[in-house]
Amino acid sequence: LIGVPAGALFFGVKDATAVLCKGFNEDLVEFTTVAVANGPYWFIRSPTELIKVRQQLDGTTINMTGITLAKDIIQKEGLSGLYVGAIESYAYALPTDLVKFYVYRKLKKSSLPLTSTKNLVAKKAILGSIASASAQLVTTPLDVVRTRAMEKRTPQSTTTTTGGDLSIPERTLAIIREEGVGALWSGISPRLLRALVSGGLQFGSYEFTKKAFGGP
């Protein structure tokens, strides 16, 4: 549920930053707005993302509620423990969003003028799905790296790729060394499916909201 207000904050900050950057190069504005908006987004989202990953991958926490697990993390790792993997999340989200919004903008410019204005929001939602899937295809390795960073390493672990004590390049090289290059694209199919659905919902709801409030 935290993704809803976090997503609203992202688009709010992104659009507000775009107004401040009006008149500058379009690609530079895109980079700036995405870079700025991802900061507060991941400040809010990182703790819940960590808890989700820990519950999915650590069998000892599967029956713990989110609040209980958060308290456990704070007790054992301190408040900063809730932000394990936050840097990796930002490093993943920045290029992902840059590709996503770039592809979306180009698709809108090239295809929408050739179609009627009927069901325009639905058409933009489809373009959003395509843009999101394209971005996920390119940046899945970064998603794998950030997930490994948030995964808790246990004494019984046989891999050095989990835990929050490696840099992004170090973890990437460790995954390649221990599991092969293909491991960086682990789970690509469900990631693409999720991107198609979430991209359509994200851009469709965004464009619908803009239209409802008289936006461009």
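The structure holds 18 salt bridges. The model is predicted.

Visitor: What is the secondary structure of the protein chain, and which pattern does it follow along the sequence?
Guide: The protein chain has seven helices and zero strands. Read along the sequence, the pattern is α-α-α-α-α-α-α.

Visitor: How many of the residues of the protein chain count as buried, in percent?
Guide: Buried here means under 20% relative accessible area. The protein chain has 216 residues. The buried part comes to 39%.

Visitor: Among contacts between residues at least 6 apart in sequence, how many percent join residues at least 24 apart?
Guide: The count takes contacts in the protein chain between residues at least 6 apart in sequence. Those joining residues at least 24 apart make up 65%.

Visitor: Which residue forms a salt bridge with Glu26?
Guide: The closest N and O atoms of this pair are 2.8 Å apart. A salt bridge needs a side-chain nitrogen of Lys or Arg within 4 Å of a carboxyl oxygen of Asp or Glu. The partner of Glu26 is Lys109.

Visitor: Why does the pair of Glu26 and Lys109 tie together parts that are apart in sequence, and how many residues apart are they?
Guide: Glu26 lies in helix α2, residues 26–57. Lys109 lies in helix α4, residues 86–111. The pair therefore ties together parts whose separation in sequence is 83 residues.

Visitor: Which residue forms a salt bridge with Asp27?
Guide: The closest N and O atoms are 2.9 Å apart. The pair links helix α2 to helix α4 across 78 residues. Asp27 itself is partly exposed, at 40%. Its salt-bridge partner is Arg105.

Visitor: Is Arg105 buried or exposed?
Guide: The cut-off for buried is under 20% relative accessible area. Arg105 has 12%, so Arg105 is buried.

Visitor: Which residues do salt bridges that share partners join into one network?
Guide: Shared partners make the network. Its residues are Arg45, Glu49, Lys52, Asp143, Arg146, Arg191 and Arg194.

Visitor: Where is Glu49 found, and what is Glu49 in contact with, leaving aside its neighbours within four places in sequence?
Guide: Glu49 is found in helix α2. At 5% relative accessibility, Glu49 counts as buried. With those neighbours left aside, Glu49 is in contact with Trp42, Arg146 and Met150.

Visitor: What is the place of Phe43, and how does Phe43 count, buried or exposed?
Guide: Phe43 sits in helix α2. The relative accessibility of Phe43 is 56%, and exposed means over 50%. Phe43 counts as exposed.

Visitor: How are α2 and α4 placed to each other?
Guide: Their axes come within 9 Å and cross at roughly 140 degrees. Over 145 degrees would count as roughly antiparallel, and 65 to 115 as roughly perpendicular. α2 and α4 are therefore oblique to each other.

Visitor: What is the handedness of the crossing of α2 and α4, and what classes of residues make the contact?
Guide: α2 passes α4 in a right-handed crossing. Contact residues include Phe31, Val34 and Trp42 of α2 and Leu94, Leu98 and Phe101 of α4. By class, the contact has eleven nonpolar, four polar and six charged residues.

Visitor: How are α5 and α7 placed to each other, and which classes of residues form their contact?
Guide: The axes of α5, residues 120–150, and α7, residues 188–212, come within 6 Å and cross at roughly 135 degrees. That makes α5 oblique to α7. The crossing is right-handed. The contact residues divide into eleven nonpolar, nine polar and six charged.

Technical notes. Residues numbered from 1 in each chain as written. Predicted model: local features only at pLDDT ≥ 70, side-chain atom pairs only at ≥ 80, totals over all residues. Heavy atoms only, no water. Helix = DSSP H or I, 4+ residues; strand = E, 2+ residues; numbered from the N terminus. Buried < 20%, exposed > 50% of the residue type's maximum accessible area, 1.4 Å probe, protein only. Axes fitted to C-alpha atoms, helices over the stretch in contact; angles between N-to-C directions. Parallel < 35°, antiparallel > 145°, perpendicular 65-115°, else oblique. Left-handed = near helix turned anticlockwise from the far one by under 90°. Contact = heavy atoms within 4.5 Å. Nonpolar A, V, L, I, M, F, W, Y, C, P; charged D, E, K, R; others polar.
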